[in-house]
Amino acid sequence: MKDVEAERSGQAAASDDGIVRLSGISMRLGASQVLSDIDLTLQRGRVTALLGPSGCGKTTLLRIVAGLLEPDAGQVLLRGRTVADGAKGHFVPPEDRALAMVFQDYALWPHMTVAANVGFPLEMQRQPAARRAAMVGEALDRVGLSAFADRRPADLSGGQQQRVAIARAVVSKPDLVLFDEPLSNLDRELRETMVDEIAGLVSDLGLSALYVTHDQAEAFSLADEVAVMRQGRIEQLAPPEELLAAPATPHVAEFLRIGAVLPVMPGPDGWHLSGGPRLVPTTALAHASQVLIPARAVRVTPPGAGRLDACVIRTLFRGDAHLATLDLPGGHRMQLPIPNRLPPGARIGLDFDDVALRWF
Ligand SMILES: Nc1ncnc2c1ncn2[C@@H]1O[C@H](COP(=O)(O)OP(=O)(O)O)[C@@H](O)[C@H]1O
Ligand SMILES: [Mg+2]
C-alpha cells in the first residue's frame, strides 16, 4: 500500500510530514474571525474528519486546503510542498494542487451526460479519448453506475448523483480527496449505505481524505482521526475511540453527547457536585471547575438510592433502548439510555463510580 501511494505522488521522502500539513492557519471573512491558528496534519492513506456544528469553520478550512480560499495567515503544505503561505502571499491555485473534491450539492453539470461529467477532469488533463473512456468506465463501475453513463444528472436520484460526483473525484486517481458534507442531502438509510461505499472506495484506492461533516456517526464510521472543531478552532484531534474515552474539553464531551458535564465546587472534604454528592478524583486535583459523568458509566436506581436524583423529561424509543432526557440538580440535563420506558415526571436515582469521571 505504502509503495503504491509513494509512487502515485512521487514523494516517498515527504510522507513523514503527512500528505496535508496545516500550520497556524487563520482566516477572517467579513467581520468574523472564522479560523484561528489551526494546526493539523493528515497522514497519508488515512481519513481525517473535521467534525463540528454548522458555522464552526469546516468548509472554510477545506476550501483553504483546496486552494479555493487564501488564508490570512499560516501555511498549507501538500505532499511536503508549500502551496499557501499567508505571510508571504504565496499561493498555488486549486488546479495545481492535484486533489479532488466532493460537495454537498454534487456540483454536476446538468447539460452533460454522466460519462461526460465523470470524464471532465481527464479532458482538462488532455487525456486521449480512448484512455478517457476506459478510465470513466472504470470509475463508473466502482460506484455501480456503469449502466447510467448516457443519462443526465437530473434523471438520477440524489444518491446516484452523489455517486457520479464521487466517480468524477476519483477518476484521475488522485491521492487526496476532500469531501464537504457529501451525504447531508440524503436520507438516513441511504447515508448509511453510502458511508459504507465511501469507506470501501477509500480503502480500495488507498486514498487520503479530509472529510467534513456535522454528523458524528458519519465521522466516527469513516475516519481514522477526527478533529472536533468549535468556533474556528480544533478542540481535539484523536481517533474516535479516544474522543469518547478521553474528551479533552467540556465542549468535546458535550458535542459528542458523552454524558453530563456538571459544575463542581471545592469543599473542606474534597470536591462536590454543586448541591450534590462528594466526588473523589482518582488523582489529586489542584483545580477543577467541571466534571463529566459519562452516560455509559451510569446505573439507574430507584429514586433516593443512587448518588444523584434525576427527573425524566421525555424518552425516545431507539430500537434497543429508550433514550431518556433527564433533568439533574441545578437545571442540568443528561441523555441516558434506559431499558424501560418511563413517563415524563418519573423520578429515578443515578449511581456511578468515581473512576469513570473526567475532570476539567
Ligand atoms: N464569505 C463570507 N463572509 C463572511 N462570513 C462568512 C463567509 N463565509 C463564511 N462565513 C462565516 O464563517 C463561519 C464559518 O463558515 P463555514 O466554514 O461555512 O462553516 P461550516 O462549514 O462549519 O458550517 C460562519 O459563521 C459563516 O457565517
Ligand atoms: Mg460547511
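**View 1. Packing of helix H4 in the predicted model.** The structure shown here, as in every view, is a predicted model.

**View 2. The buried face of helix H4.** Arg132, Met135, Val136, Ala139 and Leu140 are the buried residues of H4. Seen down the axis of H4, these buried residues fall within an arc of 135°, and they therefore line one face of the helix. Ala130, Arg131 and Asp141, on the other side of H4, are exposed.

**View 3. Extent of helix H4 and the glycine that follows.** H4 comprises 14 residues, 129-142. From its first C-alpha to its last, H4 reaches 20 Å, which is close to the 20 Å expected at 1.5 Å a residue. Glycine 144 follows H4 and has a positive phi, near 70°.

**View 4. The residues around ligand 1.** The shell consists of Leu29, Gly30, Ser32, Val34, Gly52, Ser54, Gly55, Cys56, Gly57, Lys58, Thr59 and Thr60. Strand S2 (32-42) and helix H2 (58-66) are the elements that give two or more residues to this shell. The most is given by H2, with three residues.

**View 5. Residue classes in the shell around ligand 1.** Eight residues of the shell are polar, three are nonpolar and one is charged. The residues displayed around ligand 1 include Gly52, Gly55 and Gly57, together with Lys58.

How values were computed. Residues numbered from 1 in each chain as written. Chains lettered and ligands numbered in written order. Predicted model: local features only at pLDDT ≥ 70, side-chain atom pairs only at ≥ 80, totals over all residues. Helix = DSSP H or I, 4+ residues; strand = E, 2+ residues; numbered from the N terminus. Expected span 1.5 Å × (residues − 1). Buried ≥ 20, exposed ≤ 12 C-beta atoms within 10 Å, placed from the backbone. Arc of directions from axis to C-beta. Near = placed C-beta within 6 Å. Nonpolar A, V, L, I, M, F, W, Y, C, P; charged D, E, K, R; others polar.
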